[in-house]
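Biologist: I'd like to learn how to read helix packing and annotated sites in a model. Can you walk me through it?

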Amino acid sequence: MTPMIVDHPLLQHKISLLRNKQTGTKEFRDLVSEIATLLCYEATRDLPLEEVEIETPITMARTKVLAGRKLALVPLLRAGMGMLDGMLSLIPAAKVGFIGLYRDETTLKPVEYFCKLPADIAERDVLVLDPMLATGGSAVDAIAQIKKHGAKRIKFIGLIAAPEGIKALHEAHPDVDIYIGAEDECLDENGYIVPGLGDAGDRIYGTK
């Protein structure tokens, strides 16, 4: 699937604010959550509906509700946690799993240090959350881990992606739909997205 770049004006405006190095920690954190909500709206557009009968204050009516498909959110630690509350604001009944990865600064490869997923994740649609899709290594490995637990319907949701990351994720997992807010130019020699927004985790939590 060609990545879905969500070009809604509100989302693009908020991404511009994220990129600005003058944006402080609290505002950055709030913006990440708001953008995640907008991305969640697009990524769940294909959820199935069923018709039910309800009684309004005026009369009986046939209307539509979600058809009961189960969802799971899996943020990649630590930056993906910044997206979690924004997603849960739209789908509060979703179960949440966690995968912890860090990037080896020498090899730029992901190293997994934690994985805790819902016991019934194989029965759920899974949304994998990570603000930055840079080399794609973390997303590729995390999704492979989720598939080992039996999940078959998986989507990746990120704020900003490099072409290299999109290519790597698509080649490794062509069945995974990708939703992002912006596709940037490239990666630099350190594996950071250009123009990007810096280290998302550091900016969310004020650790740098």
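Modeller: Start with the helix axis: that's a line fitted to C-alpha atoms, over the stretch in contact. Keep in mind that this model is predicted. Here, the axes of helix H2 (residues 25-43) and helix H3 (residues 81-88) come within 7 Å and cross at roughly 55°.

Biologist: What do I call the way H2 and H3 lie to each other?

Modeller: Angles under 35 degrees count as roughly parallel, and 65 to 115 as roughly perpendicular. H2 and H3 are therefore oblique, and their crossing is right-handed.

Biologist: Which residues of H2 and H3 meet?

Modeller: From H2 you have Val32, Ser33, Ala36, Thr37 and Cys40, and they meet Gly82, Met83, Asp85, Gly86 and Met87 in H3. By class, that contact of H2 with H3 has five nonpolar, four polar and one charged.

Biologist: And how do H4 and H5 cross?

Modeller: Use the cut-off of 35 degrees again. Helix H4 (residues 137-148) and helix H5 (residues 163-172) have axes that come within 8 Å and cross at roughly 20°, so the pair is roughly parallel. This crossing of H4 and H5 is right-handed. Ala139, Val140 and Ile143 in H4 touch Ala168, Leu169 and Ala172 in H5, a contact of six nonpolar, no polar and no charged residues.

Biologist: Which residues does the "binding site" annotation cover?

Modeller: An annotation comes from a record and may be inferred rather than shown by experiment. In the unreviewed UniProt entry, "binding site" covers residues including Arg78, Arg103, Asp130, Pro131 and Asp199. Among those, Arg78, Arg103, Asp130 and Asp199 belong to the lining of the largest pocket.

Biologist: Where is Pro131 found?

Modeller: Look at the loop between strand E8 (125-129) and strand E9 (132-133): Pro131 is there.

Definitions and conventions. Residues are numbered from 1 along each chain as its sequence is written. This is a predicted model: local features need pLDDT of at least 70, side-chain atom pairs count only at pLDDT 80 or more; totals for chains, interfaces and linings use all residues. Side-chain values use heavy atoms; hydrogens and water are left out. Axes are lines fitted to C-alpha atoms, for helices over the stretch in contact, and angles run from 0 to 180 degrees between N-to-C directions. Helices (H or I, at least four residues) and strands (E, at least two) are DSSP runs, numbered from the N terminus. Angles under 35 degrees count as roughly parallel, over 145 as roughly antiparallel, 65 to 115 as roughly perpendicular and the rest as oblique. A crossing is left-handed if the near helix is turned anticlockwise from the far one by less than a right angle, and right-handed if clockwise. Contact means heavy atoms within 4.5 Å. Ala, Val, Leu, Ile, Met, Phe, Trp, Tyr, Cys and Pro count as nonpolar, Asp, Glu, Lys and Arg as charged, and the others, Gly among them, as polar. On a 1 Å grid over the protein atoms alone, a cavity is a set of points where a 1.4 Å probe fits but cannot get out, and a pocket is an open set with protein on both sides within 12 Å along at least five of seven lines; lining residues have an atom within 4 Å of a point.
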